[in-house]
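I am keeping these entries as I go through the model. Each one records what I looked up and what came back.

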Amino acid sequence: MNKQLLNVKNALYAGVILTAVGFSACNSNSGHEGTQDSTETATTDKNALLGAGSTFVYPLFSKQFSEYNKATGLKVNYQSIGSGGGILQLTNKTVDFGDSDAPLNEEQTKKIGVDVLHIPMCSGAVVLSYNLPEVKTALKLTPALLSDIFLGKIKTWKDPKIAAANTGVNLPDMPIVIAHRSDGSGTTNIFTTYLTKVSPEWTSKVGAGSSINWPAGLGGKGNEGVAGLIKQTPGAIGYIELAYAMQNKMPFASIQNKSGKFIAASVASTSAASNIKLPADSKVSLSNTDAADGYPISGFTWAIIYKEQNYNNRTAEKSEALLKLLWWNIHEGQKFCETLHYAPLSPAAISVAETILKSATFGGKAILK
Amino acid sequence: MKSNINYRINKSLFIKGFIIFLAFLITLPLVSIIYYVAKEGFATINWNFFISVPKPVGEVGGGIANALVGSLILVVVASIIAIPVGIMCGIYLSENGENKLSYYTRLAVDILQGVPSIVVGIVIYFWVVKPTGSFSGLSGSIALSIMMLPIVIRSTEETLKLIPSTLKEAGLALGLPYYKVMIKVILPVGMSGILSGVMLSIARVAGETAPLLFTAFGNPYLNTNIAKPMQSLPLLIFNYATSPYDEWHNLAWGASLILLICILLLNLFTKLLTRRWKVQF
Amino acid sequence: MRQKDPGLQVKYEMLFSRTLVITALLILILVIGLFLTLLLESLPSIQHLGFGFLFGKTWDPVSNVYGAYPFLVGTLLTSFLALIISIPFSMAIAIFLGEYQPTGALSAFLKNIIELIAAVPSVIYGFWGLIVLVPLVRSLESKIGVVPYGIGIFTASIILAIMIIPYAASLGREMISMVPAQLKEGAYSLGATRYEVIKAVIIPYTKSGLFAGILLSLGRALGETMAVTMVIGNSSIIPTNIFAPGNTMASVIANEFTEADRSLYLSALIELGMLLFLVTVVINVIGKRIIKGFNT
């Protein structure tokens, strides 16, 4: 019933706009008719795919897709609008694939209505980057400190609690400016899931999710926006994907993991954390890892596609192009991970991803053999 | 008594000075904006800047060809939609002083002029993006055309109202049908006014970002297909300006410079047009 | 000249006048359609949250709680602050161009400046604000002892103030130049100084018009999105002072619209859009009415 109503509504809107365009074409004496016809020819364009979602994986995707374009000529347009955005736009069927660093939650799964596949692409670390020009050595932060800082309880860098973990570091007397995401974000989800695992207070006051009601701080759009805020604001601290910190030469803190060691984020420490047995659907959280050398705040990022690719009059070619792209991503594409500081998938993870990809169908028939 | 007059005169002079000071203080931010955009922008712009598309994140180089082409197409398509409708509606309003439809349409134009651009973006998402199942340049153009309409309508209406009715009557007296009088006599006479309205509306939407966020969406490749997502200059500036990459900041400054030059040229052109071709009666 | 088929002429005639009516209708339908779409899409939130939506103090998508109060406060605070900052400047410009120097090189120069300020795109204001204005505000903030975010409501207000000055100024100038010369001459002949004429004749006479100009510029400020989004700090907590980060209705839509994954979340955002639409409609219609009344 509800769905029917929705269709009627959509049809209505389409009708309104078509009449509008139609009128304008009538009035514009001829010569402009070309504008409407192209709508039809365009949907069959096989040479382009549209994806949207996670900004966490964007540096990697933009490199991979650029290489893929050179190799095959397929243009993959990936817009880093945030994981929440990726899921929503996939639900609305306005993109060919989404990407999220958080698996679909119960409500999202219910809303999308049909089976979707989560294909792991790589794993990455969420680092706590800061802007303290006078501090030259890397800061050390414990889980308790992190939670207190982001709850707004520790307000200045000179706080004795921070000093206790960083003996010998001359901390400036500056207020702490928290930078967080303003959009729905899988990076936020990885970070807040970690905080709920280590801090009961965080669990009761804030909780975990993609869009958080932040108790304090400034909001930036995407990993890019948060990194921009940190880089511009002296005294700022915020959570971003490792690639953004490395590419912009921004310092980041070592975090104390479950075994009590302070670990700096790197490909090695992220790999250590992600080296676990994946469940068949690959949905797993890596944060607060048991691995002694593992970086505690890391996670997978998943490309998300419909299991049944025959929807909205899509062509078989298009879905095949999409599947081939993702297949390339988890094989040849993996070699770009390390230079961009992402942890490539382990052989075991790749075989799980392969099985998931092979389960995708077009009109009930498997697309990849 | 004398001193009182002196006091009043001095006070008047002082206030005049103060008002002039305040009035001209407004040049400060403008000069600062133009200075920064020109300084950083010219340092970025080279041939490569115009002909290549952005490199993968974090790599040096690349250009904004995708945004230049995208912006051009978006604005041209928006104009194709908005200008005929706008001029027609303007003619209607100028010809029908007071009836029910013209009253409400005028009200609608007033409302349309004030609608925040982001709201137009939301609505077009539901009208075009969701039903067609894809973000597209076309949806961005439709959103922009809605922003253009009130300016075109208003300038057409106001220009045509100033044309003396004797001109129209002369045409009708010669036996010309009404539509020919309007198209062949009245419109050409009012052309300079209408054209300046059109140019102003183009200048305005060329810099619009908010309605494109949920419609044209962006594209790292050069794309001339309006059914596909399209990059645009304002969207590129927004995304790159808030990022941490110095390289992107440079591209954003360059894009700002190009956008600013285009818009200022459009404004300048409008002025020249109205000054030179102004029809005097 | 060859005579054309008169029947065809009549047909063209009809077609032409019909197209005119249709375009006029189209504009009307467009505006009604805009509103209906917003209303339709925000129905879930209206039904679910009712009036409480406006006064809810938390905006928490994790626990599915949506209150618009922080954004209402943020919007009103930035807009009115911008208005207060802009009024002295826009009125000074209006008086200078309308009274002191209606023509001449200096006024032509100032007019051009005003036009340029109105022409600069919002996103360039935002970029300039981020790079130039934010560090300035930050050093001011560390001097007066508040948290030196640099980004926040105050910064957004300054940028908004610059952006809306042209509207109030040009309308104000128009009003002031319409003051009948006899009125002013009468005051001068009684021995009034220039300032006294402005204060006692021009301003009272144009009061409603100036107010309309300010009202219309407020309408602009309320709906402005990009420049504000870039410098306001995007925080959904109720701002405690003018230097705190905040969010306006427009900026929260720009940030969250493409990713609102729950139906209620999405429709709450659209309801914000509808509120914005209604408020600007009311402001514009009132402002235009006042100006029309002034002109006739």
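I looked up burial in strand 2 of chain A and found both faces covered: Lys75(A), Asn77(A) and Gln79(A) are buried on one side, Val76(A) and Tyr78(A) on the other. I count a residue as buried if 20 or more other C-beta atoms lie within 10 Å of its own, as exposed if 12 or fewer do, and as partly exposed in between, with C-beta atoms placed from the backbone. In a regular strand the side chains alternate between the two faces of the sheet. Strand 2 (residues 75-79) of chain A has 5 of its 5 residues buried, so the rest of the structure largely encloses it. My helices (H or I, at least four residues) and strands (E, at least two) are DSSP runs, numbered from the N terminus.

I note that the model is predicted: local features need pLDDT of at least 70, side-chain atom pairs count only at pLDDT 80 or more, and totals for chains, interfaces and linings use all residues. Residues are numbered from 1 along each chain as its sequence is written, while chains are lettered from A and ligands numbered from 1 in the order in which they are written.

Next I checked the pairing. Strand 1 (residues 48-53) of chain A pairs with strand 2 of chain A in the parallel sense over 5 bridges; pairing requires at least two DSSP bridges between the strands. Leu50(A) has Asn77(A) as its bridge partner in strand 2 of chain A. With helix 3 (residues 58-72) of chain A, the two strands make a right-handed β-α-β unit.

I then turned to the domains of chain A. The assignment, automatic or from a database, gives domain 1 (15-123 + 302-366) and domain 2 (125-274). Their C-alpha centres lie 31 Å apart. Domain 1 of chain A puts 19 residues into the contact and domain 2 of chain A 21 residues, where contact means C-beta atoms, placed from the backbone, within 7 Å. On the domain 1 side, helix 3 and helix 4 of chain A are the elements that give two or more residues, and helix 4 of chain A gives the most, with 3 residues.

Last came confidence. Chain C has a mean pLDDT of 91, with 98% of its residues at 70 or more; pLDDT is the predictor's confidence in each residue, from 0 to 100. The predictor gives the complex an ipTM of 0.92 and a pTM of 0.89.

Technical notes:
Right-handed = clockwise from strand over helix to strand, strands pointing away. Contact = placed C-beta atoms within 7 Å.
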